[in-house]
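Below is a short report on one chain. Look over the sequence and the structure before reading on.

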Amino acid sequence: LWVDTKKWIEEVMKRLKLGLPQVATRSGVNEERLKEWFTASPGIAADAAVTTALRVWVKRILDASTKGTHTGQGQGQGQ
């Protein structure tokens with residue numbers, strides 16, 4: 001789950017030209033927790049709450065793109 005999510009986040013970062021601080025803001029994840037999550041290694045338990053929050057954020061991006069409103073905004077940002 002972590003590996004797939006990390007690949008998704010890397011792809012979103014590339015396509016939207018975002019850094020970790022922007023991902024943290026848009027996804028609603030604390031930046032330090034995101035950095036720790038992002039630097040985890042396969043086989044080491046990553047923070048499940050961060051994984052879930054990121055997956056929800058990616059789903060919102062995908063849902064918005066199918067509606068033609070590709071904003072990438074996350075929780076607490078008018079939604």
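Which residues of the largest nonpolar core touch the most other members? They are Ile9, Val23, Leu34, Trp37, Leu54 and Trp57, out of 18 residues in that core. A nonpolar core here is a set of buried Ala, Val, Leu, Ile, Met, Phe, Trp, Tyr and Cys residues joined through side-chain atoms within 4.5 Å. Buried means under 20% relative accessible area, with a 1.4 Å probe and protein chains only. H1, H2, H3 and H4 each supply at least two residues of this core. H4 gives the most, with six residues.

This is a predicted model, where local features need pLDDT of at least 70 and side-chain atom pairs count only at pLDDT 80 or more, while totals for chains, interfaces and linings use all residues. Residues are numbered from 1 along each chain as its sequence is written, and side-chain values use heavy atoms, without hydrogens or water.

The chain has four helices and zero strands. Helices are DSSP runs (H or I) of at least four residues and strands (E) of at least two, numbered from the N terminus.

Confidence is given as pLDDT, the predictor's score for each residue from 0 to 100. The chain mean is 86.

| Helix | Residues | Mean pLDDT |
|---|---|---|
| H2 (highest) | 20-27 | 97 |
| H4 (lowest) | 48-67 | 92 |

Over residues 75-79, pLDDT stays under 50.

Leu54 is in contact (heavy atoms within 4.5 Å) with Thr5, Ile9, Val23, Ser27, Val29, Leu34 and Trp37, leaving aside neighbours within four places in sequence. Of the 79 residues in the chain, 32% are buried.

Technical notes. Buried means under 20% relative accessible area, exposed over 50%, partly exposed in between (1.4 Å probe, protein chains only).
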